[in-house]
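This note sets out several points for a colleague who is meeting the structure for the first time. Please read them beside the model shown here.

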Amino acid sequence: MRVPFLAAAFFAFAIPAAADPEPSDWDTVLAEAQGQTVYWNAWGGSTATNDFIMWVGERVSEDFGVTLEHVKLSDTADAVSRVLAEKTAGKDEDGAIDMIWINGANFNSMKQADLLFGPFAEQLPNWQFVDVAGKTVQTDFTVPTEGFEAPWAMAQVVFIHDTARLSEPLGSMTEILDWSKSNPGRFTFPQPPDFLGSTFLKQALIDLSEDPSVLQNPVDDANYDAVTAPLWSFLDELTPTLWRQGRAYPQTGPRQLQLITDGEIDLAISFSPNEASTAIANFQLPDTARTFVLEKGTLGNASFVAIPYNSGSKAGAMVVANFLMSPEAQVRAQDPSILGYNTVLNMAVLSTEDRAKFDALELGIATLTPAELGTVQAEPHPSWMTRIEADWIKKYGVSE
Amino acid sequence: MNGRHQTERFRFAWLPYLTLFAMLGPLLAGLAGTVAPAFGYMPALGTRDLSLDVFRSLMAWPGLYDAVRLSVTTGFLATAISLGIVTLITAGWVGTKSFRILERLLSPLLSVPHAAAAFGFAFLIMPSGWIARLLSPWLTGWDRPPDVLIVQDPYGLAMTAGLIAKEVPFLLLMVLAALSQSNGTRRQIVAQALGYGRVTGWLKTVFPSIYSQIRLPVYVVLAYSMSVVDVAIILGPNTPPTLSVQIIKWMNDPDLSFRLQAAAGALAQFLLVIAAMLVWRMGELFVAFAGRRWIVRGRRQLLDKTLRTVGFTAGVITAASIILGLAGLVLWSFAGFWSYPDILPDNLSLRSWARSGAGLSDAAFETMIIAFASTLIAVFLTIGCLEAEYRYNLRITRRSLLILYLPLMVPQTAFLPGLQTLLLTTGADTGRLPVILTHLVFVLPYVFLSLGDPFRSWDTRYATTASALGAGPDRVLWRIRLPMLLAPVLTAMAVGFAVSVGQYLPTLLIGGGRLQTLTTEAVALAAGGDRRVIGVYGLAQTTAALLPFLIAILLPAFLWRNRKALRHG
């Protein structure tokens, strides 16, 4: 392998890295961002999200001269792999990825492996509007973000049901189990480790636990079995009553919507309170679909954007991250007819004019009001999810 | 004359080496990048100690047995059944009007990308799919779709059926290319004059020579069916999935240490494919042995009528499953709300197409550029190699050329990540060129497979005659050989184009996701399960691959309308 060896030797003597932009010096960032192209790697499975990102691209191009390219991922981990491969190969400058839509375990992996640029998020001008006190925007699955990722949307678990077949909301995991037993084959969830499927497992664990607060600390061998025992006995009863007797699962969240429309299932989990309304408008759900939350509350978390350490357009990426936190972008994202993601901003600090725009948004037909959404439960530490996922796969994922 | 030959040698002799380098360099570097982590060496993750621990954890994965079993059964079943169908169709019907109709129906279906075909097929056969809707509820009484596991069944039968539907057109095209280079028709006429039935006569007198020409494509089908990812994701089981799908899952795990296990799995998949080929080879020897005795016995008939009907029916079902599947994609791309058990959507709308408009045309442009460039390079190198082999009797020939087929036999997941690292190290990671060169690694073997045998089987007495009339080797190549081989050359180009259009992992990994082709877009959107958008991109992808095949079929027929023997592709 002569060629790579020579090239590696050449790169070893290459010029040292140019200085990274300083986020607190915003004018310099803006000047540097002018003309840069930002490759934003974001999950491309949702038409509504893709359209929103295209709009963001138009806006940052008009105002800041930044060109935004949406790289549509089928799995965010692809982007993590890419940055890792670049680091392996010693490509520490001008990597292929400038920004990633990220949270949870992917963020934790990248942060621990020093693959991220930052801190930058809390120096961005629009950080002043962010609801730091009321929303979990400084921790990501309990891991402190420390400014290495900027929040842009809030998510909360809701359950979508087709009222034509399942008219009443179900208030707890136990009720879901009872209903599924008397209506076998009408419920399923995305197959873990799909993030939404894993979310269902976490949601079940929290709802069934006497004391979910232990989940805020990293998993501990001493208490793991005892803490997760209710979850496994729940799943042992639930699985045989699932769609296809649990011998097959939908691979992603949106796939469940298709199953409802195909008449195959009546109940699905979602991480976006507005997803059902948007899907009805897009013909993806029957107009009899509605949503509910559990009586004790449901899991909530934030979506973030992070910048890889070797991006060649860090200034441009920060400009986009800052724009995503602007009232203009946030009000558009929250509009159920467009995207329906809840805002990360604090209404109290917005100008009257901006607040009026949020107030003017109409709720979608299947969307719950903030009051109806009830208690937002905190995400467990990522180590719980990793361990539960692995055990679920061992118990149910290779069963046949 | 002598000096001229020296120049000749200089001009052509390096092409085979260049071709081998274009293939071997990336492949070996990529494999090294796979082998090292499989034995625990991955400095980026801080592991440098060589050991067998990774293989131990692979063996400890509880799904391993099922994943391996699935890989083996789908591979053998899909290959054997598609080969059987193609053989029966050709044996029973070649030369008839029905055969030409079937050929016209099946050949273009080769260009339908696997993912699009699989989506269409799934919508046909699932419990809430089109067939069930046609019969419900008036006949079946199913107000709700029955809760039965048809798609994603644990035995991989749906997946095998989907693969067969796609491999029959591929093998048929290969058989047709081989037929145009053999005197099968005459042999069959002689056999029939001796009282042999159509099928029996063809099997006894033509099949042996045809099979020797399509052996490598058959191996490719075997390797492909064992390690396919996209079809397996759509139609295959998930508890557990096939080995190759599981490798991709490990590759994508946010816990980066699973990358080691993925490498070990990739190596295992590689060895599994090699073992399967050896078994298939033994099967060939057995069939040859038994076949020879059967031929010698001289029996004139063997269920000829039944076999003809079976072959024709199987061909029609194959064509219908893809065509109806595509029709499903067309409808979905225009569908408004469409629920079970409605046979048609409530309303039609252009919205899905309008929403995709800009992204769709960009992706189509990118797809065309990459496919056209890689195919042209591949055809140039292939013809150069074959011509050099012919002119100088260079013994690059069969054995060394087997190396050329490695990229088709090595699962893509086994060497692409390593290849990505190689390109990054040389600083060549961005832009279109590396992606084109990586596509070349996959396009070249298909072009070679498609063109090599027809090229070699060309009757060189034409060249002798031309030389006697004073034509130099170049003139023979350009004025006689290539024009006579127009149909196979165009077919090879169309195959290369379709292969490039269908590439997902190479485009994604080497292009760093920055190059968006119809296929990368379609697979990314498929994650969302929105059948409307899948329909739009699946159709766009199909169209991109279809055009070259139309040209490959129509152009020779037009140019050689007065040369009967040259018309067949």
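How many residues does helix α4 of chain A have, and how far does helix α4 of chain A reach from its first C-alpha to its last?

1. Helix α4(A) (residues 76-88) has 13 residues and reaches 19 Å from its first C-alpha to its last, close to the expected 18 Å; the expected span is 1.5 Å times one less than the number of residues. Helices (H or I, at least four residues) and strands (E, at least two) are DSSP runs, numbered from the N terminus. This is a predicted model, in which local features need pLDDT of at least 70 and side-chain atom pairs count only at pLDDT 80 or more, while totals for chains, interfaces and linings use all residues. Residues are numbered from 1 along each chain as its sequence is written, and chains are lettered from A and ligands numbered from 1 in the order in which they are written.

2. Because 11 of its 13 residues are buried, α4(A) is largely enclosed by the rest of the structure. A residue is buried if 20 or more other C-beta atoms, placed from the backbone, lie within 10 Å of its own C-beta. Among the buried residues of α4(A) are Asp78(A), Arg82(A) and Glu86(A). Gly90(A), with a positive phi near 75°, follows the helix.

3. Strand β10(A) (residues 298-306) is mostly covered, with nine of its nine residues buried. Strands pair if DSSP finds at least two bridges between them. β10(A) runs antiparallel to β6(A) (residues 149-156), with seven bridges, and Ala150(A) stands opposite Val305(A). β3(A) (residues 99-102) also pairs with β10(A) in the antiparallel sense, over three bridges; there Ile100(A) has Ala306(A) as its bridge partner. With β11(A) (residues 376-377), β10(A) runs parallel through two bridges, and Thr298(A) is partnered by Val376(A).

4. Chain A is divided into domain 1 (19-152 + 304-362) and domain 2 (158-300 + 376-397), with bounds from an automatic or database domain assignment. The domain centres, taken over C-alpha atoms, are separated by 28 Å. In contact (C-beta atoms, placed from the backbone, within 7 Å) are 16 residues of domain 1 and 20 residues of domain 2.

Note on methods: Buried ≥ 20, exposed ≤ 12 C-beta atoms within 10 Å, placed from the backbone. Contact = placed C-beta atoms within 7 Å.
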